[in-house]
Amino acid sequence: MMAKALLIILGFSSGVVVSAGVFAFIAAIGIIPRMAQRSITEKYIPLYEDIILLGGLFGTITMFIDFRLPSIPILVGGYALAIGIFIGVLAMALAEVLNVMPILLRRSRIAKGLPWMLLCFALGKMLGSILYFCVDGFYVV
């Protein structure tokens with residue numbers, strides 16, 4: 001009994017530390033203000049923060065509860081689209097913070113075609129995700 005209580009406390013504490021780190025990382029790279037600025041919706045930043053927090057809680061709850069989305073294709077597609085947008089925005093914000101693009105362009109001496117290169121990155125990511133989730137052997141449930 002004591003060992004189970006200790007494991008519960010240890011698991012909960014670890015989860016709190018990891019989630020705090022993830023949210024601190026998201027806040028540190030400034031995704032929310034930057035996306036609000038680009039979409040001219042700065043007045044909704046508190047709403048965006050609340051939605052991200054609720055999304056994190058929802059994701060955590062779905063890890064512990066045997067939860068399955070109903071097999072409505074449009075709902076599953078919307079969920080996949082939202083996850084894809086989040087991952088894409090997170091990756092591009094991280095790349096921007098780390099100045100990956102200027103360094104890559106300078107070292108590869110690419111002067112033209114940056115939008116095409118970014119489109120190819122996005123399409124490659126999308127193709128990889130489709131292969132991962134749709135081809136047997138990549139994704140194990």
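## Second largest pocket

The second largest pocket of this predicted model has a volume of about 270 Å³. Helix H2 (31–38), H4, helix H5 (100–108) and helix H6 (114–134) each give two or more residues to the lining of this pocket. H4 gives the most, with 5 residues. The lining has 15 residues, and those nearest the pocket centre are Arg 34, Arg 38, Met 92, Ala 93 and Glu 96.

Pockets were found on a 1 Å grid over the protein atoms alone: a pocket is an open set of points with protein on both sides within 12 Å along at least five of seven lines, where a cavity is a set of points that a 1.4 Å probe fits but cannot get out of. Lining residues have an atom within 4 Å of a point. Grid points are joined across faces, edges and corners, and the volume is the space filled by probe spheres set on the points. Helices (H or I, at least four residues) and strands (E, at least two) are DSSP runs, numbered from the N terminus.

## Basis of the model

The model is predicted: local features need pLDDT of at least 70 and side-chain atom pairs count only at pLDDT 80 or more, while totals for chains, interfaces and linings use all residues. Residues are numbered from 1 along each chain as its sequence is written, and side-chain values use heavy atoms, with hydrogens and water left out.

## Annotated transmembrane regions

The unreviewed UniProt entry carries the annotation "transmembrane region" for residues 6–32, 44–65, 71–95 and 116–140. UniProt positions are given in the numbering used here, feature names are shortened, and annotations may be inferred rather than shown by experiment.

In the model, residues 44–65 are 91% helix and 0% strand, with the end C-alpha atoms 31 Å apart. For residues 71–95 the figures are 92% helix and 0% strand, and the end C-alpha atoms lie 35 Å apart.

## Nonpolar core

The largest nonpolar core consists of 5 residues, namely Ile 26, Ile 29, Ile 31, Leu 90 and Ala 93. Helix H1 (2–29) and helix H4 (73–97) are the elements that give two or more residues to this core. Such a core is a set of buried Ala, Val, Leu, Ile, Met, Phe, Trp, Tyr and Cys residues joined through side-chain atoms within 4.5 Å. Buried means under 20% relative accessible area, exposed over 50%, and partly exposed in between (1.4 Å probe, protein chains only).

Leaving aside residues up to four places away in sequence, Ile 31 touches Ile 26, Val 89, Leu 90 and Ala 93; contact means heavy atoms within 4.5 Å. Val 89 also has a C-alpha atom 8.7 Å from that of Met 35, 54 residues away in sequence. Met 35 lies in helix H2 and is partly exposed because its relative accessibility is 41%.

Ile 40 sits in the loop between H2 and helix H3 (45–64). Although not a glycine, Ile 40 has a positive phi of about 55°. Ile 40 counts as exposed because its relative accessibility is 70%. Ala 111, in the loop between H5 and H6, is exposed because its relative accessibility is 80%. Its C-alpha atom is separated by 40 Å from that of Val 76, 35 residues apart along the chain.

Gly 124 belongs to helix H6 and is partly exposed, with a relative accessible area of 41%.

## Cysteines

A disulfide is a covalent bond between the sulfur atoms of two cysteines. The count here is 0 disulfides, taking a pair of cysteine sulfur atoms within 2.5 Å as the criterion. Cys 120 is exposed at 52% relative accessible area, and Cys 134 is exposed at 58%.
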